[in-house]
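Please look over the model shown here. The report below takes up a sheet, a chain contact and a helix.

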Amino acid sequence: MSISELKRTPLYALHIEQNAQMVPFAGYEMPVQYSMGLKQEHLHTRNHAGLFDISHMGQIKLSGESVAQFLESLVPNRIQDLSHNAQRYTVFTNEQGGIIDDLMVTNAGDHFFIVINAACKENDIKTMQNRLPDNCGLEELTNVALLALQGPEASSVMQRFCPQATELAFMTGGEFTVNGAHCFINRCGYTGEDGFEISIPAEHAENLARNFLDEYEVAFIGLGARDSLRLEAGYCLYGHDIDETTSPIEANLNWVISKSRLNDEPQSYPGIETIRQQSQQGTERLRVGLLSDGKAPIREGESILNEQEENIGTITSGGFSPSVEKPVAMGYINKQYASVGTQVIVKVRDRIQHVKVVALPFVEHRYYKRRT
Amino acid sequence: MSELKYSEDHEWLRVDDDTTVTIGITDFAQKQLGDVVYVELPEIGQEVTKDEDIAVVESVKAASDIKAPISGTVLKINSLLSDEPEKVNTDPTGEGWFMKMKLDDAEEVDQLMDEAGYTAFIGELS
């Protein structure tokens, strides 16, 4: 794809003004880093607050009488029990039990607000539209931006713009007015830190981003640090750690699978038979976290070997962790090697790196827990 | 201390005496690479030919091969980089040096660019 065919987000001009290095990503021209650089941007988010433009992601409004039931027919968790303002992480599955996309769903009262991956947008919309009942409607929100404000100081920044939003518990969301703009704000994120994702009309996005950036805690953070932050937090990146060939059980996303739906609920979803079988019998491979004793970063695509140097798996995401200060990775590994503490090998340019299977996340999640 | 010479692959080279040189990567190169987290250096005694891959620099972004700007034998490597790879970013032509080599052919050094030539070269790239 040539650069001229790439789409731009409502914050494009601001990225250029802020000296972003722009790269093609999922059909968009996106900032990979700013002048601070990936490592400092990463650490800034862990220590203060980072502002991310994630407007490339798909934002969808689903409405109608049986909308909860409809959504539930596409995913392995329950949706019909999602209370007003509650948000849930889930996956769309295919008939083989593979993952078509991962998504966030919020019950917004008169509709469901969902956020999907940029690269999967078209296919997700087609998947939903193919099965959409007559009494439901699907609207892709195209004239909106999506900003993420993440980090331990995100809430004190939000306090100055929209104090009501700071009362949201983790994984809840709702409608708020920020700077005179009507926004949908979820308390969630992709960094393992406390934070917010703000869906805002395109014409107000740059103004709000500038206001956030004027706050002393906030720095603009690119996709590079977004990737290293999510890797440390143990989150999957679609197209790398999960895809159409990996099931949620193999991906160790058991919490997206409702046990009651596997046992006796009448409503099915694509791939339920495979997922039921895997849930009972286990799978040949599992997604695990891997921590290296060495210093050379372990990258996607490298083979995982046992001590006899036999192939036992593949790295799906990896890099140097700025917070742990060691190479960290995720990958799929044969079940017998998947328990925490197992020593394995990854060869980086023919040199053996000793690597240990570890529990995810690499960096403890620090979500906001509301005092009761 | 003699002036630096530069390769088109963004290495610098300093002639220490008639037969030995110090090699590293340029400020331009470290900026392109981003934060360096790991440097893989050759073995002492390794014989290398000009343009052969002799080191790997891993930044937070990616791994990049470093080519030998001249032919020769590796005499010494900068062991400081094993604990402080960020020296490549903070002091690329000083504490961030990679290795010292014994020259095979002094004429190869003359073929490299001088400061003015390299400045013009990177000007064309940006």
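Gly72(B) has Leu103(B) as its bridge partner in E9(B). Strands (E, at least two residues) and helices (H or I, at least four) are DSSP runs, numbered from the N terminus. This is a predicted model: local features need pLDDT of at least 70, side-chain atom pairs count only at pLDDT 80 or more, and totals for chains, interfaces and linings use all residues. Residues are numbered from 1 along each chain as its sequence is written, while chains are lettered from A and ligands numbered from 1 in the order in which they are written.

**The sheet in chain B**

Two strands pair if DSSP finds at least two bridges between them. Strand E8 (residues 72-77) of chain B pairs with strand E9 (residues 99-103) of chain B over five bridges, in the antiparallel sense. E8(B) also pairs with strand E5 (residues 47-48) of chain B, again antiparallel, over two bridges. The table lists bridge partners.

| Residue | Bridge partner | Strand of the partner |
|---|---|---|
| Gly72(B) | Leu103(B) | E9(B) |
| Val74(B) | Met101(B) | E9(B) |
| Glu47(B) | Thr73(B) | E8(B) |

These strands belong to an open sheet of six strands in chain B, ordered E1-E2-E3-E9-E8-E5, with antiparallel pairing. Its edge strands are strand E1 (4-6) and E5 of chain B, each pairing on one side only. In a regular strand the side chains alternate between the two faces of the sheet.

**The contact between the chains**

Nine residues from chain B and 11 residues from chain A make the contact (C-beta atoms, placed from the backbone, within 7 Å). On the side of chain B that touches chain A, strand E4 (36-40) and strand E6 (53-59) of chain B each supply at least two residues. E4(B) gives the most to that side, with three residues.

**Helix H6 in chain A**

Which residues of H6(A) are buried? They are Ala205(A), Leu208(A), Ala209(A) and Phe212(A). Buried means that 20 or more other C-beta atoms lie within 10 Å of the residue's own; exposed means 12 or fewer, partly exposed in between, with C-beta atoms placed from the backbone. Seen down the axis of H6(A), the buried residues fall within an arc of 105° (directions from the helix axis to the C-beta atoms), so they line one face of the helix. The face turned away from the buried side of H6(A) carries exposed Glu203(A) and Asp214(A).

Methods. Two residues are in contact if their C-beta atoms, placed from the backbone, lie within 7 Å.
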